Amino acid sequence: MLSIIGIVALAFAREFGLWSFGAPGAGLMPATAGALLLVASLLDLRIARDQRQWPTIAWRPLSYMAGLVVLVPLTPLIGLLPALAVFIFAILYFVERLALHRAAAIAGVAVAGSWLLFERLLSVPLPKPMFW
Amino acid sequence: MDVLANLVLGFGVVLTPTNLLVALIGCVVGTAVGVLPGLGPTATISLLLPVSVYLDRTSSIILMSGIYYGAMYGGSITSILIKIPGEAASVITCLDGYQMARRGRAGAALGISAFGSFFAGIVATIGIAFLGPKIASVALLFGPVEKAALLFLGFVLILGIGEGSKKKGLTMIGLGLLLGTVGVDLVSGEERFVFEISPLRDGFGIAVVAMGLFGVSEVLLMAEGNDEAGEVLNYRQSLRDLLPNRAETMESIGHVMRGSILGFFLGLLPGGGAMMASFASYMMERKISRHPERFGKGAVAGVAGPEAANNAGAQASFIPLLCLGIPANAVIGVIMGALLMAGVTPGPMLIVDHPELFWGVIASMFVGNLMLVVLNVPLVGLFVSLLRVPTAIMSVLIVVFCVIGAFSLNNSMFDVGAMVGFGILGYALRKAGYDVAPLLLAFVLGSMFEQNLRQGLIIGFGSPMVFLKSPISAAFLGLACVVTLAPLVLGRFRTHVLSGPPAPELDRLTGTEIREP
């Protein structure tokens, strides 16, 4: 995968132009980085070929990942703090198997604390729900 | 004697109830800002610019400088405790500070960071007072050519950072450099890897990448349960036990002194400051250490040196502003704006026209550093007790912290999405045996390197020989060659000349043999 990224970077770098009007172009650094990425990842691949073992991913980190990914499109719909409350509750109750009241209390306290600190005290304009 | 008389003048200015209160507020706000990822000193000082109009001009600069060096200390607290750098300059502290915390030495790491920062602050303040005006002009010898060579040396040294093979390190440097090129090219104005996504035009923010690669990926590893982050830690109760012990204190003295001096000189460079100082100190300590294998596993030197360097660098970066009128970085640029708003033009004449301001700010640094130690050391126990929060709850709290921190950078959900993406990338890379530290360091230094490299080549009319014509640049490149070739030559020498396997290294704390992964 890293080698493919290196190849793609090299292709784009050529489009940006490596050298123009006697001076370095916008593609010089992407080309350098892409070439370094390609060569180093290929060398690493050659060494690791015999001892290759695909890493396995457990379901718990996958649940966290899914929660984080869902958090982003959920925020414009219900607002950032409610989305974070849903995330915290879902992770603590369904993944970490905490008691319902404990998971709900932690979600409530975390979100209320964040509202106080960021929105009230630091005036960070956190995203509101779509129909606010 | 002139300097001492001027310092007396400065202390006369700062030791008034109003200025003491202003310095205290600056230190407290700075520490809080440093702890919160995303909300950096630049944004905070910008928000306070309107407030500064209501203050006396010396008081307003004392407030802003207090926020700046307070943030340097605050940033290390979250780096050590939860591996989330509150500030870009604290990224490097994550490597060994967090490992010290995992080994039950969080209090020691925080204590070393506090005392190291205090010592460095005092060294830098003395340096500013006695040498500042004289050596400020030396910093001007560092143009794009010299800085590009210095950064190249930095990349060579980054290879030694972190775990895993050199090839894996090179791969991560390549990926970091590539990520650093995303956005509008500052020289030609061309869009690179933007794909018509407008937030990508500004590239990825350092905080977004750091929070994703370190913070979110750590949460995912904690969720897995088999990472060392999930281990039950050994905590001691009393503050005396939490603070650095005699051996750790003695060990850290040399690192702090070297970090302070290195940080002071790198802080003078335009574009340098605290971030470059902390990286350079870590690399230097690792290179000169008799036990480089301990770095990344909780080495005292990996906390003491960079923490001292970032504080010294932050304070030294005031010299180019106060003596030459050149802002060394964005934070100093905002402070320069405050000075201009107050009708003071920073530059060589500032020390003559406004001695009470120049020496008042310097004296406030003495007082502010003392306040930071007095405020933070008793709080070490409180900070460490945060680690007793169960892993599951800590994980979700870190996510909340990172999500709101990423959003508050630009009030953009794109940054939150990017941080999640970097978190998943960091997790995947760490699972595949890559260390993400070189990636982040290359990302941070990459844009600076590209800008200076291209400016240098333009100065040399496209000829790379320009980097050898400058003596400073040639010296840095020569040093880079020595650093690259020395291990190869020494390795061959050891293989052919010396016989017998090396004695196993013993861990100082556990007494067990240290094994390389």
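**A predicted two-chain complex**

Arg97(A) is found in the loop between α4 and α5 of chain A. Phi of Arg97(A) is near 60°, a positive value in a residue that is not glycine. Arg97(A) counts as exposed because 9 other C-beta atoms lie within 10 Å, and the cut-off for that label is 12 or fewer.

Phe461(B) is placed in the loop between α22 and α23 (466–469) of chain B. Its phi is positive as well, about 55°, although Phe461(B) is not a glycine. With 10 other C-beta atoms within 10 Å, Phe461(B) is exposed.

Chain A is divided into domain 1 (2–48) and domain 2 (59–121). The C-alpha centres of domain 1 of chain A and domain 2 of chain A lie 40 Å apart. The overall dimensions of chain A can be set beside that separation. Along its principal axes, the C-alpha trace of chain A spans about 60 × 45 × 25 Å. Chain A has a radius of gyration of 23 Å, while a compact globule of 132 residues would have one near 14 Å. As for burial, 37% of the 132 residues of chain A count as buried. Among contacts in chain A between residues at least 6 apart in sequence, 48% join residues at least 24 apart.

Chain B is built from 24 helices and two strands. Of its 517 residues, 56% count as buried. Among contacts in chain B between residues at least 6 apart in sequence, 78% link residues at least 24 apart.

How many residues does each chain bring to the contact between them? Chain A gives 49 residues and chain B gives 48 residues. On the side of chain A that touches chain B, at least two residues come from each of α1 (2–16), β2 (23–24), α2 (28–48), α3 (59–78), α4 (80–95) and α5 (100–121) of chain A. The largest share of this side, 12 residues, is supplied by α2(A). Sorted by residue type, the side of chain A that touches chain B has 38 nonpolar, eight polar and three charged residues. For the complex, the predictor gives an ipTM of 0.91 and a pTM of 0.75.

Nonpolar residues also come up in the interior. In soluble globular proteins, nonpolar side chains tend to be buried together. In this model, the largest nonpolar core has 203 residues, and those with the most contacts inside it are Ile88(A) and Leu440(B). This core draws at least three residues from each of domain 1 (2–48) and domain 2 (59–121) of chain A. Which residues surround Leu440(B), once its neighbours within four places in sequence are left aside? Leu440(B) is in contact with Val91(B), Gly176(B), Val209(B), Ala210(B) and Leu213(B).

Another residue of chain B is worth a look. Gln455(B) has its place in helix α22 (residues 437–459) of chain B.

Finally, the confidence of the prediction can be traced along chain B. The mean pLDDT of chain B is 80, and 87% of its residues reach 70 or more.

Conventions: Residues numbered from 1 in each chain as written. Chains lettered and ligands numbered in written order. pLDDT = per-residue confidence, 0-100. Rg over C-alpha atoms; globule rule 2.2 N^0.38 Å. Buried ≥ 20, exposed ≤ 12 C-beta atoms within 10 Å, placed from the backbone. Contact = placed C-beta atoms within 7 Å. Helix = DSSP H or I, 4+ residues; strand = E, 2+ residues; numbered from the N terminus. Nonpolar A, V, L, I, M, F, W, Y, C, P; charged D, E, K, R; others polar. Core = buried A, V, L, I, M, F, W, Y, C linked by C-beta atoms within 7 Å. Domains from an automatic or database assignment.
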